[in-house]
Amino acid sequence: MSLSATLANSPPIDSVGVAERVARFCTRSIKKSSKMEALKLALSMIDLTTLEGKDTEDKVRRLCYKARHLHVDLPDLPTVAAVCVYPTMVKVAREELNDCGVKVAAVATSFPSGQDDLSLRIRQTKGAVRHGAQEIDMVISRGRFLAGDYQYVTDEIVAVKEACGEAHLKVILETGELYTLENVRKASDIAIHAGADFIKTSTGKVQPAATMEVTLVMLEAIRDHFQETGKIVGMKPAGGISNSKIAIRYLVMLRETLGNRWLTPKLFRFGASSLANDLLMQIVKQSSGVYQSSNYFSID
Amino acid sequence: MMSRNSPDKRLSVAKTYKLYIGGKFPRTESGRTFEARSHSGDLLANLCRASRKDLREAVVVARKAFPGWAKRSGYNRGQILYRIAEMMEGRIDQLANEISSQGVPPKKALKEVETSIERFVYYAGWADKYAQIHSSVNPVSTAHLNFSVPEPMGIVGIIPPNEPSLLGLATLLAPALAGGNVAISLVSETRPLAPATFAEILHSSDVPAGVVNILTGFRKELLPDFSTHMDVNAILAADLSTKERKLTEENSALNLKRVIHLPSKAISATDNPGLSPILSLQETKTTWHPIGT
């Protein structure tokens, strides 16, 4: 399908309807063993993230250690899905994680603004992949998108996808800068059309970051695309999902929009840093029956 | 209150008594209520019957509020405690009415409110003084200045006696606050009206949100959750039964909560209870500071 046909297919979004639908997801009661399953599933879907100017190699090593050893006392815990770092930290992260199953994801393409020459952004992507990144989180040029230059956005995604080679490509729409749900839908359609393996809400550097409304619109884009072409695209809400309650609501929404098939870390991720500890606290609460204190969990 | 019913048959507007969590007045998440009745058995009000999830919320907001409250100067905490006393003064009649509506003779009820105010004034005075009295410079044989200072423990679960309800709360709460702790109190089950109204006084007294949280409900239901919660650092209680006390002590071993139990005599005395309730909720920090020989 051509880009113009894809865009012509982008449906208008009823934002009141979206809000109401989201409100319904928040009323589901997930308790006991289902809750335990949901908590563990959410844990296995986390991209443990550190994206700060002050990151050091030691901080990344610590994060990798945490990714592998989430909690010493709990049996049957999954590991997180990936560790998400800046390209400069990919080497260290790969060394630490080697073949334990936790992937290394790198934000590339001049994250978080994306304001740079496409050639430089592609070079950065290739560098990250060469250093061992198995997943690339790219940002789209929001300025170009808002100016209506959809072809440019499509082309840059295609180019970065090519630069990724074997690595999985997650396309960050930065929905906090897209203003309307209609734009979110349009950007999702473009990203899927251009070959994204995952679409992702936000960089975490812009407020608002992930919201359930935005995520629902993106999930519906994935669903519509799947029904039309059979191609399966993953989803990653990132930023602001800080506790178990919210995470479980996202899982409910995922299950009720895309079905069981998507309930796997292969197709759904949470970009988060503090969520993991809260999930662990809730898992300990579920198994011990006693409310927990963050004093007994790692600091970051 | 019912005394507002005037002869021209004005229908008085009854207050909805709610919880006080994080500077807000929510209803219990459980939607449950229990009745407060007068001495003669008339229904006075329906109160929120707090659940363990309300307690959980209260602990979360209290934990957030703790660093800020502990960091304030003792002088400032004293000012705020005194402010609580000022605001109570303006509502003496309401508080006394609420206490007497539940079976305490009016004069005794008034006395209870007055003594409660006195408690806050008393501990307001201590707030910027206990630390220097309880601090020490310790003699050591190395080239160090070695000193010890008291620091607040954190979140204190306050379980006042059922009676006297307001005075019990004031006597346990004031020293906890003066010492920089934050508090969650499960107030009197049998006379909850005045303690619930007391939350409104806290709300208008410059007490930062989350520093004091007031729950109404059943002790039998919530005491196990107070005592097992890993993020509650101490329990200050009065007048627990032997069974309740045993349960609290045993559960508190989980995270080595400090359990302090006061006899009911200490609560109702007109004399102020002294410095020890403040100090009982402090940890001592000792510092070795290197100095030249």
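Mentor: One term before we start: two residues are in contact if their C-beta atoms, placed from the backbone, lie within 7 Å.

Trainee: Good. And what kind of model is this, and how do I read the labels?
Mentor: This is a predicted model, where local features need pLDDT of at least 70, side-chain atom pairs count only at pLDDT 80 or more, and totals for chains, interfaces and linings use all residues. Residues are numbered from 1 along each chain as its sequence is written, while chains are lettered from A and ligands numbered from 1 in the order in which they are written.

Trainee: Which residues is A:Val171 in contact with?
Mentor: Setting aside neighbours within four places in sequence, the partners of A:Val171 are A:Met138, A:Ile140, A:Ile157, A:Ala191, A:Ala196, A:Phe198, A:Ile199 and A:Lys200.

Trainee: And how many residues are in the largest nonpolar core?
Mentor: It has 90 residues, and A:Val83 and A:Val171 have the most contacts inside it. The biggest contribution comes from helix H10 (residues 212–229) of chain A, with eight residues. Another core, of 83 residues, lies apart from it and includes B:Ala50 and B:Leu166.

Trainee: What do "core" and "buried" mean here?
Mentor: A nonpolar core is a set of buried Ala, Val, Leu, Ile, Met, Phe, Trp, Tyr and Cys residues joined through C-beta atoms within 7 Å. Buried means 20 or more other C-beta atoms within 10 Å of a residue's own, exposed means 12 or fewer, and partly exposed is in between, with C-beta atoms placed from the backbone.

Trainee: Where does A:Ala159 sit?
Mentor: A:Ala159 is in helix H8 (residues 150–164) of chain A; helices (H or I, at least four residues) and strands (E, at least two) are DSSP runs, numbered from the N terminus. Not counting residues up to four places away in sequence, A:Ala159 touches A:Leu118 and A:Ile122.

Trainee: Why does A:Ala159 count as partly exposed?
Mentor: Because 18 other C-beta atoms lie within 10 Å of A:Ala159.

Trainee: How many residues of helix H5 of chain A are buried?
Mentor: Six of the eight residues in H5(A) (residues 90–97) are buried, so this helix is largely enclosed by the rest of the structure. They are A:Val90, A:Val92, A:Ala93, A:Arg94, A:Glu96 and A:Leu97. These buried residues pack against helix H4 (57–68), strand S2 (82–85), strand S3 (103–107) and helix H6 (118–130) of chain A.

Trainee: Switching to chain B, what is the order of the open sheet of five strands?
Mentor: The order is S7-S6-S5-S8-S9 (chain B), with parallel pairing; two strands pair if DSSP finds at least two bridges between them. Its edge strands, S7 (212–215) and S9 (258–262) of chain B, each pair on one side only.

Trainee: How many bridges join S5 to S8 of chain B?
Mentor: Four bridges link S5 (residues 155–159) and S8 (residues 234–238) of chain B. B:Val156 stands opposite B:Ala234 in S8(B).

Trainee: Which open sheet has three strands?
Mentor: That one is S3-S4-S10 of chain B, with antiparallel pairing. Strands S3 (136–138) and S10 (282–290) of chain B are its edges. B:Asn138 has B:Asn146 in S4(B) as its bridge partner.

Trainee: Last one: how many residues does each chain give to the contact?
Mentor: Chain A gives five residues and chain B gives eight residues.
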